[in-house]
Amino acid sequence: MIFFCFSSKDRLQIVEAMLFHITNYELPVWYDRHKMLMGDDRDYKNFDDGVDQCEYAITIVSPNAIASICAQEEMELIHKRCEAGKMTVFPVFYNLKANELPAQLQWMTKLVYKELDASTDVHSACNHIICRVLLDELEKYRIKSVNNFLEFCGNNSALSYPAKLLKAYCKVSDDNRDAQITLLYAVCLYIRTQYNLNNIPAFYYAGIDRLFDETRLHLPIDLRETLIFERLTLLLTNAVLFGYIP
């Protein structure tokens, strides 16, 4: 699950846009408006039920967040979990340069981070986050790459059709993103029609239709989105062949 750490003053400027993009892929998130109600114990909900239960955190660090006691408390706990190897942190510096961070937050500059402002599209930053989460998820399974799939399933007659599609995918130039996406979509479509997906989490396949729609509408597709589609294809394949691993 991904924890969103931010100042409420930045909610409409950047937070909701990032949330929209990430939840389009059905990735599980902990977001205060979804999880907290009036009368809840703020510390328990934010810390025990929030940060402590999440493997990832998006820290949106801005002048507003630096001035927020609540955000500072969350970032302190996130730092401790990160140092203990219990959490991966995605720092986003909003209306702020890395060299402007106060001393207690300088640890975030040692991680890969993004600097954004009101004129910057959050799309690229979100794609980086989605790519990393899917890559970590893939580590649970036997098939971790397209080549792994071809080695494992190449002689399996039941999987000969997706194997042929993935062989064709490997031969397509990286300049031809539309063809790559179309071939991956055909693999996913085959799997979805041949196998029961009832016990597989939605984020293994929700992004597939979304990315294919972008291609169909001639929206630009970049390398990161192609990697996302490839990882979704591999996750879906692993889950139907070997069973979903929580």
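Please keep in mind that the model is predicted.

I begin with the sheet. Five strands form an open sheet with parallel pairing, and their order is β2-β1-β3-β4-β5. At its edges are β2, residues 29–30, and β5, residues 114–116, each of which pairs on one side only.

Let us turn to β4, residues 88–94. On one side, 6 bridges join β3 to β4, and the two strands run parallel. Within that pairing, I60 has V92 in β4 as its bridge partner. Towards β5, β4 is joined by 3 bridges, again in parallel. Here V92 has K114 as its bridge partner, and Y94 stands opposite L116.

How many of the residues of β4 are buried? The count is 7 of 7. In a regular strand, side chains alternate between the two faces of the sheet. For β4, both faces are covered: T88, F90, V92 and Y94 are buried on one side, and V89, P91 and F93 are buried on the other.

F90 brings me to the aromatic residues. The search of the whole structure finds 11 aromatic pairs. One of them, Y56 with F90, is stacked, with 5.8 Å from centre to centre and 10 degrees between the planes. Because Y56 lies in β3, residues 56–61, and F90 in β4, this pair ties together parts that are 34 residues apart in sequence. Both Y56 and F90 are buried. Elsewhere, ring pairs link Y141, F203, Y204 and Y244 into a cluster.

I close with the charged side chains. Side chains of opposite charge can pair when their charged atoms come close. The whole structure contains 5 salt bridges, and I shall describe some of them.

R132 and D136 form a salt bridge at 3.0 Å, N to O. Both residues belong to helix α6, residues 123–138, and sit 4 residues apart, about one turn of the helix. R132 has 37% relative accessibility and therefore counts as partly exposed; D136, at 24%, also counts as partly exposed.

In the salt bridge of E137 with K140, the closest N and O atoms are 2.9 Å apart. Is E137 buried or exposed? E137 is buried, since its relative accessible area is 10%, whereas K140 is partly exposed at 33% relative accessibility.

Finally, D209 and R192 meet in a salt bridge of 3.1 Å, N to O. This pair links distant parts of the chain, with D209 in helix α10, residues 206–216, and R192 in helix α9, residues 177–194, 17 residues apart. D209 is partly exposed at 29% relative accessibility, as is R192 at 26%.

Notes:
Residues numbered from 1 in each chain as written. Predicted model: local features only at pLDDT ≥ 70, side-chain atom pairs only at ≥ 80, totals over all residues. Heavy atoms only, no water. Pairing = 2+ DSSP bridges. Phe/Tyr/Trp six-rings, centres within 6.5 Å; stacked < 30°, edge-to-face > 60°. Buried < 20%, exposed > 50% of the residue type's maximum accessible area, 1.4 Å probe, protein only. Salt bridge = Lys/Arg side-chain N within 4 Å of Asp/Glu carboxyl O.
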